[in-house]
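Subject: Structure handover

Dear colleague,

My notes on it follow.

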Amino acid sequence: MSISAQDILNAYNYRYATKKFDPNKKVSDADFNTILETGRLSPSSFGFEPWKFVIIEKQSIKDKLYPVSWGAQNSLNGASHFVIILARKKSGYRS
C-alpha cells in the first residue's frame with residue numbers, strides 16, 4: 001500500500017462527528033483492528049502511552065451504560081463497537 005503525504009493530510013482535514021449510527025451496519029474486524037492499532041501506536045510525549053481501550057460490542061452492556069452516558073447515547077444505540085478510553089492521570093515525567 002502506498003499512501004502519499006497528501007492522502008494523510010486529507011484524512012486529517014476531513015473531520016466528521018457521526019451523530020447517529022446505522023445499527024444494521026458493522027465495522028469489519030479488519031478495519032476495526034486497524035483503527036485500534038493506530039490508537040495503540042499513537043505517541044505520547046514521553047512514550048508512555050498512558051491509555052487503555054475498553055471495547056464494548058454486546059448490546060446488553062451498552063444498554064446498562066445508556067442511562068449514565070448522556071453524551072454517548074446515540075452511539076450506544078447504533079454503533080457496532082463502542083470504545084472507552086481509559087487514561088492514567090499521573091503518567092508524566094518525574095526526575
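The accessible surface of the protein is about 8,200 Å², and carbon and sulfur atoms hold 57% of that; areas were computed by the Shrake-Rupley method with a 1.4 Å probe, and for residues only the protein chains shown count as cover. The model is predicted, with local features needing pLDDT of at least 70 and side-chain atom pairs pLDDT 80 or more, while totals for chains, interfaces and linings use all residues. Residues are numbered from 1 along each chain as its sequence is written, and side-chain values use heavy atoms, without hydrogens and water.

Of the 95 residues, 17% are buried (buried is under 20% relative accessible area, exposed over 50%, partly exposed in between, with a 1.4 Å probe and protein chains only).

On charges, the protein carries 14 positive and 8 negative side chains (Lys and Arg count as positive, Asp and Glu as negative; His and the chain ends are not counted). The whole structure has 3 salt bridges, each defined as a side-chain nitrogen of Lys or Arg within 4 Å of a carboxyl oxygen of Asp or Glu.

Lysine 26 takes part in a salt bridge with aspartate 29 (3.6 Å, N to O) and in another with glutamate 57 (3.8 Å, N to O). Lysine 26 sits in the loop between α1 and α2 and glutamate 57 in the loop between β1 and α3, so this pair ties together parts 31 residues apart in sequence. Lysine 26 is exposed at 52% relative accessibility, whereas glutamate 57 is partly exposed at 45%.

Arginine 40 and glutamate 37 form a salt bridge at 2.7 Å, N to O. Both lie in helix α2, 3 residues apart, about one turn of the helix. Through shared partners, salt bridges also join Lys26, Asp29 and Glu57 into one network.

Regards

Notes
Charge placed at Lys NZ, Arg CZ, Asp CG, Glu CD. Helix = DSSP H or I, 4+ residues; strand = E, 2+ residues; numbered from the N terminus.
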